[in-house]
Amino acid sequence: MINEETHVKPVWKPKADAMQVGGDHYKKMGIQPWELMEITLTKEEFIGYLKGCIIKYAMRDGKKENAHDDADKARHYKAKLVEVLKGRD
């Protein structure tokens, strides 16, 4: 049983989790938002979330002022999606 004294640590850390595009605000958190989503959503829901983010960042690339990293963000979500699809079941 997990309680506030129990800390679940992943055995391995995927490459996409170790990076961040456009700052370090997520890396400074105790758990990154997509890590929490991955453990609380079903696999299918999490895959849908990742696909939605890929679409969003790909579509807005070059359309927002100061959004020069949108293509990189889309690639980052794609890397996470590939890891999820190849990795754990």
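## Overall architecture

In describing how two helices pack, axes are lines fitted to C-alpha atoms over the stretch in contact, and the angle between two of them runs from 0 to 180 degrees between N-to-C directions. The model described here is a predicted one, and its protein has three helices and zero strands, arranged along the sequence in the pattern α-α-α.

Of the 89 residues in the protein, 29% count as buried, while the accessible surface comes to about 6,700 Å², with 58% of that area belonging to carbon and sulfur atoms. Among contacts with a sequence separation of 6 or more, 56% are accounted for by residues 24 or more positions apart.

## Packing of helix 1 on helix 2

Two packed helices are described by the angle between their axes and the distance between the axes. For helix 1 (residues 33–40) and helix 2 (residues 43–60), the angle is about 145 degrees and the axes lie 8 Å apart; the crossing of helix 1 and helix 2 is right-handed.

On the side of helix 1, the residues that take part in this contact are Trp34, Met37 and Glu38, and they meet Phe46, Tyr49 and Leu50 in helix 2. Sorted by class, the contact of helix 1 with helix 2 has five nonpolar residues, one charged residue and no polar residues.

## The buried face of helix 1

Which residues of helix 1 are buried? They are Trp34, Glu35 and Glu38, and, because these buried residues fall within an arc of 105 degrees when seen down the axis of helix 1, they line one face of the helix. The buried residues of helix 1 pack against helix 2 and also against helix 3, which spans residues 70–86.

## Tyrosine 77 in helix 3

Tyrosine 77 lies in helix 3, and its relative accessible area is 12%, so tyrosine 77 counts as buried under the cut-off of 20%. Leaving aside neighbours within four places in sequence, tyrosine 77 is in contact with Trp34, Tyr49, Leu50, Cys53, Ile54 and Tyr57.

Tyrosine 77 and alanine 16 are 61 residues apart in sequence, yet their C-alpha atoms are 7.8 Å apart in space.

How values were computed: Residues are numbered from 1 along each chain as its sequence is written. This is a predicted model: local features need pLDDT of at least 70, side-chain atom pairs count only at pLDDT 80 or more; totals for chains, interfaces and linings use all residues. Side-chain values use heavy atoms; hydrogens and water are left out. Helices (H or I, at least four residues) and strands (E, at least two) are DSSP runs, numbered from the N terminus. A crossing is left-handed if the near helix is turned anticlockwise from the far one by less than a right angle, and right-handed if clockwise. Contact means heavy atoms within 4.5 Å. Ala, Val, Leu, Ile, Met, Phe, Trp, Tyr, Cys and Pro count as nonpolar, Asp, Glu, Lys and Arg as charged, and the others, Gly among them, as polar. Buried means under 20% relative accessible area, exposed over 50%, partly exposed in between (1.4 Å probe, protein chains only). The arc is that of the directions from the helix axis to the C-beta atoms. Accessible areas come from the Shrake-Rupley method with a 1.4 Å probe; for residues, only the protein chains shown count as cover.
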